[in-house]
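Subject: The structure you asked for

Hi,

Here is the structure, ready to open in your viewer. Have a look first, and then read on for what turned up.

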Number of protein chains: 2
Amino acid sequence: MTKQDSRPIGVFDSGIGGLTVLKELALQFPKESFLYLGDTARLPYGSKSAHTIRKYSEQNIHFLKRLNVKAIVIACNTASTQVPEADFEGLPLYNVISPGSERALSVSSGKRIGVLGTRATINSKAYTNKLLELDKDAQVFDQACPLFVPLAEEGWDSDPVTNIIVFRYLSQLLQHSIDTLILGCTHYPILKNSIARVTGSTIELVDSGEAIAHWLERDFIQGRLGRSDSKEHRHVQIMTTDSSAHFTEMALRILKPLKADEFKVVDL
Amino acid sequence: MTKQDSRPIGVFDSGIGGLTVLKELALQFPKESFLYLGDTARLPYGSKSAHTIRKYSEQNIHFLKRLNVKAIVIACNTASTQVPEADFEGLPLYNVISPGSERALSVSSGKRIGVLGTRATINSKAYTNKLLELDKDAQVFDQACPLFVPLAEEGWDSDPVTNIIVFRYLSQLLQHSIDTLILGCTHYPILKNSIARVTGSTIELVDSGEAIAHWLERDFIQGRLGRSDSKEHRHVQIMTTDSSAHFTEMALRILKPLKADEFKVVDL
């Protein structure tokens with residue numbers, strides 16, 4: 001039984017990394033409208049404390065809720081570690097930890113799973129705990145990669161320096177013979193080519209956008225979420241809490257071939 | 001004529017980079033007390049807009065003013081670009097742009113000056129404008145180095161990868177035959193060894209801590225600022241707007257051999 005609901009889906013992230021998730025969702029669900037909030041004034045969340053990350057995340061959720069969204073996707077891995085709830089005052093919430101963990105286990109051949117993330121995401125052990133909750137026989141090896149976000153934002157995504165740094169961070173995980181690797185930060189898909197060059201073709205890469213698209217599709221089918229059946233052009237609006245020419249330029253690069261209808265700066 | 005004033009000197013930065021300035025000042029002025037505020041919850045400032053940087057800086061100044069400091073040093077280069085005033089409601093303010101520019105010109109042999117900084121600092125052209133205001137014959141070449149802060153925070157300050165990245169950012173400035181290089185971000189002195197390895201011994205490096213210490217000494221002598229003549233042990237207190245074990249560990253490393261009397265988390 002399919003419900004109809006033409007309200008937009010809210011997506012938030014600490015910055016522009018979550019646009020990799022927005023792109024995946026917007027391309028996969030071409031009739032759905034999206035409101036994206038990038039908290040660029042306060043980014044990065046990855047180096048902040050659990051308390052602060054939770055506080056900022058709740059402010060972002062309240063902001064999107066006031067704009068009458070039908071669900072909220074927490075695209076930021078770091079924020080997802082602090083907001084595990086499946087709904088917020090009746091509004092469906094999606095974090096990236098559960099979908100990413102589920103997908104990693106489903107594609108893994110030997111349950112030897114690597115996790116990359118920001119320092120905060122790795123310290124939280126959110127992926128490790130979720131993976132072990134879903135499969136107690138899984139073996140999980142994690143690694144914080146604090147330089148990946150600035151490398152992605154610098155646009156050095158196909159650069160020898162990035163290859164060296166990727167190799168530095170991954171060498172220990174490779175020694176543990178992982179067969180699957182969770183890219184546990186929304187910026188990391190931007191570096192996917194460099195990462196794949198180091199991991200080779202035998203290690204499955206799992207990114208948050210693909211993983212969460214599966215969950216949304218399941219919830220559309222099961223009726224937890226209504227689909228938009230609007231005959232009009234759907235809207236993709238990008239809001240940030242700070243403006244910067246560099247961000248807009250990066251955003252356009254990440255979103256390609258998706259085109260946003262509007263960019264604007266908002267105050268939370 | 002020397003005034004006496006045992007109130008502490010306030011120092012603020014977007015994070016822990018300004019501790020390189022605090023250390024320089026605290027070692028040079030062993031009788032002065034210092035209150036350091038690192039706005040770690042909202043760092044980095046370097047990628048934010050001018051409007052947001054100014055707003056956050058004013059909040060930091062108000063906070064330190066309420067704690068009854070006798071002067072405020074804006075250790076953050078990015079914040080300094082947005083707060084050029086020499087006083088704030090009667091309280092002496094020191095930014096790092098003027099002292100750094102003055103010092104660069106005084107040590108430069110041929111007035112060919114390079115400036116390194118965050119994207120926001122370089123975009124602001126604050127150093128270029130100040131250098132040309134002080135000496136219209138100076139030639140200024142600048143370069144944003146967005147990876148330096150995360151490299152310093154990762155602790156890779158003596159690492160081959162850092163050498164490669166330093167060389168990448170500096171190669172254009174070296175082609176312009178600079179004779180002096182302003183380290184226009186308080187984190188950069190942490191990478192001084194790597195930077196010096198690329199620049200060689202013929203290029204003078206100017207860092208904010210040394211430059212601002214000269215200005216404070218001058219103002220102590222001229223009586224704009226009163227010296228502390230307290231017979232008691234002076235206090236060095238470090239406040240941050242967010243807590244994190246990684247920051248405390250980094251802070252202790254940067255401050256060595258200086259010891260802080262207190263670390264605490266505050267809400268602005």
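Where is the place of Pro44(B) in chain B? Pro44(B) sits in the loop between strand 2 (34–38) and helix 2 (50–66) of chain B. Do keep in mind that this is a predicted model.

The peptide bond from Leu43(B) to Pro44(B) is cis, with omega near -5°. There is another cis bond to look at in chain B, joining Lys256(B) and Pro257(B), with omega about 10°. Pro257(B) also belongs to a loop, the one between helix 11 (245–255) and strand 11 of chain B.

Lys111(A) is not a glycine, yet its phi is positive, near 60°. You'll find Lys111(A) in the loop between helix 4 (97–107) and strand 6 (112–117) of chain A. Lys111(A) has 17 other C-beta atoms within 10 Å, so it is partly exposed; buried would take 20 or more, and exposed 12 or fewer. Lys125(A), again no glycine, has a positive phi of about 60°. Its loop lies between helix 5 (119–124) and helix 6 (126–134) of chain A. Lys125(A) counts as partly exposed because it has 15 C-beta neighbours inside 10 Å. As background for these spots, most residues other than glycine have a negative phi, and most peptide bonds are trans.

Now the sheets of chain B. One is an open sheet of seven strands in the order 4-5-3-1-2-10-11, with mixed pairing. Its edges are strand 4 (87–88) and strand 11 (262–265) of chain B; each has a single partner strand, so one side of each has no neighbour in the sheet. Further in, strand 1 (residues 9–13) and strand 3 (residues 71–74) of chain B pair in the parallel sense over four bridges.

Strand 6 (residues 112–117) and strand 7 of chain B pair in the parallel sense over six bridges, and Ile113(B) stands opposite Val140(B) in strand 7 of chain B.

Last, the place where the chains meet. The contact takes 20 residues from chain B and 20 residues from chain A. On the chain B side, helix 7 (148–154) and helix 8 (160–175) each supply at least two of the residues that touch chain A. Which helix of chain B gives the most to that side? Helix 8 of chain B does, with four residues. By type, the chain B residues that touch chain A divide into seven nonpolar, six polar and seven charged.

Cheers

Conventions
Residues are numbered from 1 along each chain as its sequence is written. Chains are lettered from A and ligands numbered from 1 in the order in which they are written. This is a predicted model: local features need pLDDT of at least 70, side-chain atom pairs count only at pLDDT 80 or more; totals for chains, interfaces and linings use all residues. Two residues are in contact if their C-beta atoms, placed from the backbone, lie within 7 Å. Ala, Val, Leu, Ile, Met, Phe, Trp, Tyr, Cys and Pro count as nonpolar, Asp, Glu, Lys and Arg as charged, and the others, Gly among them, as polar. Two strands pair if DSSP finds at least two bridges between them.
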